[in-house]
Amino acid sequence: MTGRGPFFFPDSITLIVLSSEGGHSELKLERLLQMVFGAMVLLVGLEELTNIRNIERLKKELRASYHLIDSFLGNSELIGDLTQCVDCVIPPEGSPLQEALSNFAKATRTAFVSLVVSGRVLAATEGWWRLGTPEAVLLPWLLGSLPPQTARDYPVYLPHGSPTVPHRLLTLMLLPGLELCLLCGPQPLLSQLDPQLLESWWQPLLEPLRASVLLGPGALPAGFPLHEDILGLLLLHLELRRCLFTVEPSGDKEPSLVQRRRLLRSFYSLVTSTHFPPEPGLPEKVEDTAQKAQVPRACYLVSGPEEPGTGWRLVALQVGPRRLLLLLSPQSPTHGLRSLATHTLQALTPLF
């Protein structure tokens, strides 16, 4: 069993995490604790957590965060909890959706609007993208963890931007699995967003919206060219704080999708902790600064025996603000991993 903690948050809030899985790195556990605390602030508010007047009332209020916290502990299809980047999905027709979303935001006088597919951001206004960490990750994750509803008016706090004053998170289901989200103050009222208004905005884009829902865990547009050896990928833009994560390519091959996610998550923790420089916004250690000149642009790992035709290949490549991690089949030759990763990153770069 491995553990991390106690982890002290403001005003002596202490969280402790224990794991029965020996493979959990310190990075994984620390970021899990940060997400748990962020979830508590998101749904209860910092004031209630730091100025406890009634412990029984606090316990009752914290129940609202249990389902979200449980989703961090399960085998999620998302990875923003670990990368601290927003999980995204690339729409098949990006420009029309983005234009419609921006115009809708202006019409409703709301700066923070997004389209979310199963916890992944499909499109968003500039205001939404400027949300800080961790709320930028937590808000779509929250929607992915809640039971489906046609509409919601949900009070939320922003752990970074507004931890003591609540905002309203309005959500409207456009299609099963696709929600329109507005982060706002007292206006607009949920009743003002009637079905006729929504239909006038989104009915003309029904086909692209349906196509976007079908992407789901695939994250990439249908038919996007990927090498046949690729079994999973994680693309991060460290300055924009966005990521694409999928283990859907060649889904009929081994390993299972669950194992693919575990392999990529573990590899991300390894390369982030030991091979690449700290991500923007994260504190540097003294030894990190001293070793910057020696930081590699690429590294790889063979999971299992390093023999021809055996062992899953994992390769990481960083170019500027983009970092790409690939999970590859055992048939992929190790001497070609960097070239394959370079070509894949070049193909993915226009996406963000």
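The axes of helix H1 and helix H10 (residues 257-274) come within 9 Å and cross at roughly 100 degrees. H1 and H10 are therefore roughly perpendicular to each other, a label for angles of 65 to 115 degrees, with under 35 degrees counted as roughly parallel, over 145 as roughly antiparallel and the rest as oblique. Axes here are lines fitted to C-alpha atoms, for helices over the stretch in contact, and angles run from 0 to 180 degrees between N-to-C directions.

This is a predicted model, in which local features need pLDDT of at least 70 and side-chain atom pairs count only at pLDDT 80 or more, while totals for chains, interfaces and linings use all residues. Residues are numbered from 1 along each chain as its sequence is written, and side-chain values use heavy atoms, with hydrogens and water left out.

## Overall content

The protein has 12 helices and 13 strands. These are DSSP runs numbered from the N terminus: helices (H or I) have at least four residues, strands (E) at least two. Of the 352 residues, 51% count as buried. Buried means under 20% relative accessible area, exposed over 50%, and partly exposed in between (1.4 Å probe, protein chains only). Among contacts between residues at least 6 apart in sequence, 59% join residues at least 24 apart. Contact means heavy atoms within 4.5 Å.

## Helix H1 and its two helix partners

On the H10 side, H1 contributes Leu27, Lys28 and Arg31. They meet Arg265, Ser266, Tyr268, Ser269, Thr272 and Ser273 in H10. By class, this contact has two nonpolar, four polar and three charged residues. Ala, Val, Leu, Ile, Met, Phe, Trp, Tyr, Cys and Pro count as nonpolar, Asp, Glu, Lys and Arg as charged, and the others, Gly among them, as polar.

H1 (residues 26-44) also packs against helix H7 (residues 135-145), at an angle of about 75 degrees and with the axes 10 Å apart. H1 and H7 are therefore roughly perpendicular to each other as well. Here Met35, Gly38, Ala39, Leu42 and Leu43 of H1 meet Val137, Leu138, Leu139 and Leu142 of H7. The contact of H1 with H7 holds eight nonpolar residues, one polar and no charged.

Ser145 belongs to H7. Ser145 is buried, at 12% relative accessible area. Its side chain reaches the backbone oxygen of Leu142 at 2.8 Å. Leaving out residues up to four places away in sequence, Ser145 touches His67, Leu68 and Ser71.

## The five-stranded sheet

Which strands make up the open sheet, and in what order? Five strands form it, in the order E5-E4-E8-E7-E6, with antiparallel pairing. Two strands pair if DSSP finds at least two bridges between them. Strands E5 (120-124) and E6 (151-158) stand at the edges, each with a single partner strand, so one side of each is left without a neighbour in the sheet. Neighbouring strands are turned by 30 degrees against each other on average, direction ignored.

| Pair | Sense | Bridges | Example bridge partners |
|---|---|---|---|
| E4 (residues 112-117) and E8 (residues 178-184) | antiparallel | six bridges | Ser114 and Cys181 |
| E4 and E5 | antiparallel | four bridges | Val116 and Val121 |

E4 and E5 form a hairpin with two residues between them. Ser118 in the turn has a positive phi of about 50 degrees. Is E5 enclosed or open, and why? Five of the five residues of E5 are buried, so E5 is largely enclosed by the rest of the structure.

## Helices across the sheet

H1 lies across E6 and strand E7 (162-175), running at about 120 degrees to E6. Helix H9 (residues 206-215) lies across E4, E5, E7 and E8, at about 110 degrees to E7.

Leu206, Pro208, Leu209, Ser212 and Leu215 of H9 are buried. The buried residues of H9 pack against helix H5 (94-108), helix H8 (195-202), E4, E5, E7 and E8. Gly216 follows H9 and has a positive phi, near 45 degrees.

## A buried arginine

Arg323 sits in strand E13 (residues 322-328). At 0% relative accessibility, Arg323 counts as buried. Its side chain makes a polar contact of 3.1 Å with the side chain of Thr272. A polar contact is a pair of N or O atoms within 3.5 Å; within protein, one must be able to donate a hydrogen and the other to accept it, and residues adjacent in sequence count only if both atoms are side-chain atoms. Thr272 is also one of the H10 residues that meet H1.
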